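Please open the structure in your viewer and keep the selection tool at hand. The tour goes from one stop to the next, saying what to select and what is found there.

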Amino acid sequence: MQKFTSINTANIYKTILTFLLHAILVSIGLSQVSPDSTNFIPPVRHKMKLAGSFAELRTNHFHSGIDIKSTSGKVGDPIVAIEEGYLSRIKIESSGYGRALYFDHPNGYTSVYAHLDSFAPKIESYLKKIQNKLQQSHIDVYLDTMIFNVNQGDQIGTMGNSGRSTAPHLHFEIRESKSEKPVMPSRFDIAVKDNIAPTITGFYIYELTEDGEIIKKHQLSLSKENNSYISRPKSINIKSKYAGVGLVCYDTSNGVHNKNGVHKLEVKNDSSLIFQAKFDKIDFSESKAINAIIDYPHYEKYRSKIIKLFSSKCNPLSNYIDNENYGIIECDSVTENKITVLVSDVYNNISNVKVKLVSNGIVQEIKNNGKVIACGINDTLRLESGNEIVFYENSLYANTNIEVTETFSPYKISIESNGPPTHGHYALNIYNEVPFTSLAKRRSSGSLVNFGGTKTKRGFSISLDEFGEYVGINDTIPPIIKRVATIPKSGYKIYYFKVTDNFNHDSSLGDLNIKVEGCDEWVLHTFDKKSDQIIIDSRDVKNGCKNLVLKVADHNDNATTLSTKL
C-alpha cells in the first residue's frame with residue numbers, strides 16, 4: 001500500500017477503519033455531516049486574503065470556490081490538506097483549473113485545490129507514471145481510496161498559476177462528495193475578517209412586460225449615509241404596470257482592495273419579501289445561468305454587470321428563494337410601492353437602498369420582428385431555405401424572440417435574440433451539400449472563432465450555445481510551431497515552443513492535438529493555453545537524446561511538424 005504520509009501500524013488500522021466506515025456511509029447516503037460538525041483547517045499556512053469570493057459573477061459561470069492570495073505575489077506557498085482523507089482525483093488541463101487535486105474526506109465532503117504549481121513528490125511521481133503509461137500530458141483520473149492517504153495539515157502541493165489563472169493564487173473549493181455541488185467555504189469556518197458592508201455603485205428601475213421582458217431602464221443616482229444608500233430621485237414614475245430592480249454592487253474584506261461578489265440579495269415591497277437570491281451552494285449544471293441573472297444586453301455593450309433582482313419562467317437557478325411572481329413588481333395607478341433592496345455579504349454586513357415606485361398601471365408590450373421560441377419545451381424554427389434551428393427543453397431562460405438572417409455564396413447565418421445567450425445547446429441543421437468544413441462565429445472585434453460542426457449525409461449539422469453571426473469556413477492552413485526560449489535551471493533546462501493557428505477555436509472543441517517525441521519515444525510536456533506554449537522539461541527526455549519532434553494538428557486535421565536539436 002502506497003502512503004503519502006509515514007504512519008505507524010495503529011494508524012494504518014485506524015485509516016482502514018475510517019475509510020471502510022466512509023464507504024459504508026456513502027453507500028447508504030448518510031456520510032455527509034453538517035458544516036458545523038466539521039473540523040476543517042485553512043488550506044494555506046499563511047494568513048488568508050481573498051482575491052475572489054464564492055459564487056461571484058464570472059464570465060459564463062458563478063465562481064465555485066474562493067481565490068486565496070499568495071504571500072508575495074509569487075508561486076510556491078505550501079498548500080495543505082484541510083482534513084484527513086484520500087486523494088480521489090488528479091486533473092491536469094491546459095486551461096480551467098490547470099493542475100488540480102481532489103481529496104475525499106470521511107465527513108462526506110471533497111476539497112479541491114486548483115492552479116497548483118507542483119504536487120507533493122510522491123503524487124508528482126505517481127502522476128508521471130500515469131501520464132507516460134497513457135502517453136497523455138492532460139489527464140483526468142480517479143483514484144482508489146488507499147493509494148494516497150493524508151492527515152490534516154499534510155503538505156499536498158504548492159500554490160501556482162497554472163490553467164486559466166492570471167496571477168499566483170489557490171482556487172479552493174469544498175464540495176458535497178455525493179452531489180459534487182460546491183459549498184461556501186465560510187460555512188466551514190474557513191473565513192477571513194470582514195466587517196465591511198457591500199458597496200452599491202449602480203441602481204436601476206426596469207419597466208417590464210408581464211413576462212419580464214425589458215422595455216426600458218432608468219438609472220438612479222445614489223448618495224451614501226453609513227450603510228444606507230439614498231436614491232435620487234427618491235420616487236420614480238414609470239409607464240408600465242410591471243417593474244423590476246437592478247443593482248451593480250461588490251463586497252470587500254478587511255485589508256484587501258479586491259472587489260468580490262456578494263452573498264445575498266433581497267427586495268421588499270413595503271414589508272413583504274418579493275425576491276431573494278442566496279448563494280450558500282451552487283450547482284454546476286446551473287452555473288451558466290449567470291447570463292440570465294445579469295442584464296446581458298447591457299453587459300455586452302458596456303461590460304458592466306447589472307444584477308437583475310427578478311427572474312424568468314425557465315431560469316433553472318435554484319439560488320432563487322421564495323420569489324413572488326419571479327420578483328416582478330406589479331403596479332397600479334393608485335398604490336405607491338415602497339421598495340427596499342438589501343445586499344448582504346456572508347458575514348451579515350448589510351447595505352440597503354430605498355425608492356418609491358409609482359406607475360400608470362398600463363400593460364406594455366414589445367413588438368418583435370422575429371419568431372418567439374417557447375422555453376421549457378422542444379421547439380423548431382424552420383427557415384425559408386428548408387434548414388432548421390432546433391431548440392431543446394433547456395436551451396432558453398424565457399420565451400425568446402429569435403431573428404434569423406441566412407445568406408448563401410458564401411454561407412452566413414445570423415441568429416440573434418434581444419436577451420441573454422442560451423443556457424443549453426441548440427442545433428443548426430443544414431439540409432444541402434455545403435462548400436465549407438466548419439462554422440466560425442464573428443466576434444465584435446471582427447475576428448473569427450471556429451465552432452466546428454459535422455458534415456452529414458443530408459448536409460451539415462452543428463451544436464451551438466451562443467447567438468450571433470456565423471460564417472462557413474474552409475481551414476486548410478496548419479498551425480505554426482516556433483521555438484521561443486531555452487531557460488537553464490540547476491542541472492536541467494526548460495524548453496518553450498509557441499503555437500499559433502490561423503483561427504482561434506471555441507473551448508467546446510478541446511485543445512489542439514499535440515504530440516512530442518524524442519528519439520522515437522513519447523515525451524511528457526505541458527501545453528499552457530493562456531500563452532499558447534508547449535513547455536518541455538529536459539529531465540523528461542530520454543537520456544542522451546538530442547532531438548525533439550513536435551507535431552501539432554488543428555481541429556480540421558491540418559498538421560505541422562517541427563524537428564529541433566536540444
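Is Cys519 buried, partly exposed or exposed? With a relative accessibility of 37%, Cys519 counts as partly exposed, where buried means under 20% relative accessible area, exposed over 50% and partly exposed in between, for a 1.4 Å probe and protein chains only. Before going further, note that this is a predicted model, in which local features need pLDDT of at least 70 and side-chain atom pairs count only at pLDDT 80 or more, while totals for chains, interfaces and linings use all residues. Residues are numbered from 1 along each chain as its sequence is written, and side-chain values use heavy atoms, with hydrogens and water left out.

**First stop: Cys519 and its partner**

Select Cys545 together with Cys519: the two form a disulfide with sulfur atoms 2.2 Å apart, a disulfide being a pair of cysteine sulfur atoms within 2.5 Å. Cys519 sits in the loop between β39 (513-518) and β40 (521-522), and Cys545, 26 residues apart from it, in the loop between β42 (533-537) and β43 (547-553); strands here are DSSP runs (E, at least two residues), numbered from the N terminus. The torsion about the S-S bond of Cys519 and Cys545 is about 105°, so this disulfide is right-handed. Cys545, at 6% relative accessibility, counts as buried.

**Second stop: Cys314 and Cys375**

The count comes to two disulfides, and to see the other, select Cys314 and Cys375, whose sulfur atoms lie 2.1 Å apart. This pair links distant parts of the chain, with Cys314 in the loop between β21 (307-308) and β22 (329-330) and Cys375 in the loop between β25 (371-373) and β26 (379-382). Here the S-S torsion is about 70°, so the disulfide is right-handed, and Cys375 is buried, with a relative accessible area of 6%.

Next, select Leu50, Ser53, Phe54, Val346 and Tyr347, which among the 24 lining residues of the largest cavity lie nearest its centre. A cavity is a set of points on a 1 Å grid over the protein atoms alone where a 1.4 Å probe fits but cannot get out, and lining residues have an atom within 4 Å of a point. About 250 Å³ of space lies in this largest cavity.

Finally, select Asn450, Asp475, Asp501, Phe503, His505, Leu512, Asp554, His555 and Asn556, which line the second largest cavity, whose volume is about 40 Å³.

Notes
Helix = DSSP H or I, 4+ residues; strand = E, 2+ residues; numbered from the N terminus. 1 Å grid on protein atoms, 1.4 Å probe; cavity = no way out; pocket = protein on both sides within 12 Å on 5 of 7 lines; lining within 4 Å. Points joined across faces, edges and corners; volume = space filled by probe spheres on them.
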